[in-house]
Amino acid sequence: PMEYYDVRENLDRELLSTVYFHSQTIRYIKSAPRLFSVIEPILKANGIPEDFKYLCVAESGFDARAVSPAKAVGLWQLLESTAKENGLEINAEVDERYHIEKSTEVACKIFKSAYQKYGSWALVAAAYNGGRAGLDQKIAVQKAKSYYDLLFVEETTRYVFRILALKLVMEDPEKYGFGIGKDDIYPIIKTETVEVKGPVTDLAAFAIEKGITYKTLKMFNPWLRETYLKNPA
């Protein structure tokens with residue numbers, strides 16, 4: 001609702017932050033095709049609006065290994081308790097919060113559940129940032145049901161507008177002064193999936209056997225947390 005002066009100004013604030021943080025925003029634009037090519041089909045298959053891929057950027061800045069002060073992890077910044085509740089494996093040698101496909105599936109579950117409760121995608125994003133309990137309290141106390149009519153703490157106030165600003169700039173970078181050519185975009189790297197049914201005693205040897213390095217194996221599988229994989233299940 002751009003007729004709200006505060007909505008217009010909040011969006012303007014986040015646009016200024018996004019547009020003038022050149023190095024970061026350029027990296028987002030260059031990285032987007034590589035990660036969005038994985039994320040977009042999962043969002044679509046789960047009936048989640050494609051724009052929620054920008055929530056991922058707002059959460060982690062495309063850093064699959066990101067860890068927050070609250071110990072939330074990965075592209076979608078999942079807490080350990082939330083991840084385990086939604087079926088992700090976390091132990092000494094595996095943390096599937098770092099697994100791009102599996103963590104995206106969990107994020108979709110959270111989004112769908114929140115949408116069933118609130119019926120508003122803006123409130124879904126607010127709940128993802130600030131938690132459902134806090135959102136429920138604000139709705140009850142303030143007697144309003146629209147994200148744009150609710151008063152939040154600064155972080156949640158800025159959150160949806162940051163997502164919107166990222167969408168606007170990344171979908172039309174030239175409009176906002178980013179002249180990035182096709183050759184400057186980071187390419188999508190061809191990968192293959194290897195099924196492992198037993199233990200791998202040495203991941204470096206395993207990688208070399210597959211014609212790559214340990215470094216490459218870990219870059220594309222940050223969910224592997226050790227130099228081996230016992231894989232008891």
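Okay, a definition to begin: buried means under 20% relative accessible area, exposed means over 50%, and partly exposed is in between, using a 1.4 Å probe and protein chains only. This is a predicted model, where local features need pLDDT of at least 70 and side-chain atom pairs count only at pLDDT 80 or more, while totals for chains, interfaces and linings use all residues. Residues are numbered from 1 along each chain as its sequence is written, and side-chain values use heavy atoms, with hydrogens and water left out.

Let's take Thr18. At a relative accessible area of 7%, Thr18 is buried. Thr18 sits in helix H1; helices here are DSSP runs (H or I, at least four residues, with strands being E, at least two), numbered from the N terminus. A polar atom of the Thr18 side chain is 2.9 Å from the backbone oxygen of Glu14. For that kind of pair, a polar contact is two N or O atoms within 3.5 Å; within protein, one must be able to donate a hydrogen and the other to accept it, and residues adjacent in sequence count only if both atoms are side-chain atoms. Setting aside neighbours within four places in sequence, Thr18 is in contact with Thr25, Ala165, Leu166, Val169 and Phe178, contact meaning heavy atoms within 4.5 Å.

Now, Ser31 in helix H2, residues 22-45. Ser31 counts as buried, at 11% relative accessibility. Its side chain has a polar atom 2.8 Å from the backbone oxygen of Arg27. Not counting residues up to four places away in sequence, Ser31 touches Phe62 and Tyr186.

On to the core. A nonpolar core is a set of buried Ala, Val, Leu, Ile, Met, Phe, Trp, Tyr and Cys residues joined through side-chain atoms within 4.5 Å. Which members of the largest nonpolar core touch the most other members? Among its 56 residues, those are Leu55, Trp76, Phe111, Tyr128 and Met170. The helices that each supply at least two residues of this core are H1 (5-20), H2, H3 (53-60), H5 (100-118), H6 (121-130), H7 (132-142) and H8 (154-171). There's also a second, separate core of eleven residues, which includes Val73, Val200, Phe206 and Trp223. As background, nonpolar side chains tend to be buried together in soluble globular proteins.

Have a look at Tyr128 on your screens. Apart from neighbours within four places in sequence, Tyr128 is in contact with Leu55, Glu59, Trp76, Leu78, Ala107, Ile110, Phe111 and Tyr159.

Helix H3 is mostly covered, with seven of its eight residues buried. Those buried residues are Lys53, Tyr54, Leu55, Cys56, Val57, Ala58 and Ser60. What covers them includes H2, H5, H6 and H8. Just after H3, Gly61 takes a positive phi of about 60°.

The method uses a 1 Å grid over the protein atoms alone: a cavity is a set of points where a 1.4 Å probe fits but cannot get out, a pocket is an open set with protein on both sides within 12 Å along at least five of seven lines, and lining residues have an atom within 4 Å of a point. The largest pocket has a volume of about 1,900 Å³, where grid points are joined across faces, edges and corners, and a volume is the space filled by probe spheres set on the points. Its lining has 50 residues, and the closest to its centre are Leu217, Met219, Phe220, Asn221 and Pro222. H2 gives the most to that lining, with six residues.

The second largest pocket holds about 650 Å³ of space. Of the 26 residues that line it, Glu59, Tyr128, Asn129, Glu155 and Tyr159 lie nearest its centre. Here H8 gives the most to the lining, with five residues.

Back to Phe220, which is in helix H10. Is Phe220 buried or partly exposed? Partly exposed, at 39% relative accessibility. Leaving aside neighbours within four places in sequence, Phe220 is in contact with Ile189 and Thr191. Phe220 and Gln137 are 83 residues apart in sequence and 41 Å apart in space, C-alpha to C-alpha.

Last one: Val196, in the loop between H8 and H9. Val196 is partly exposed too, with a relative accessible area of 31%.
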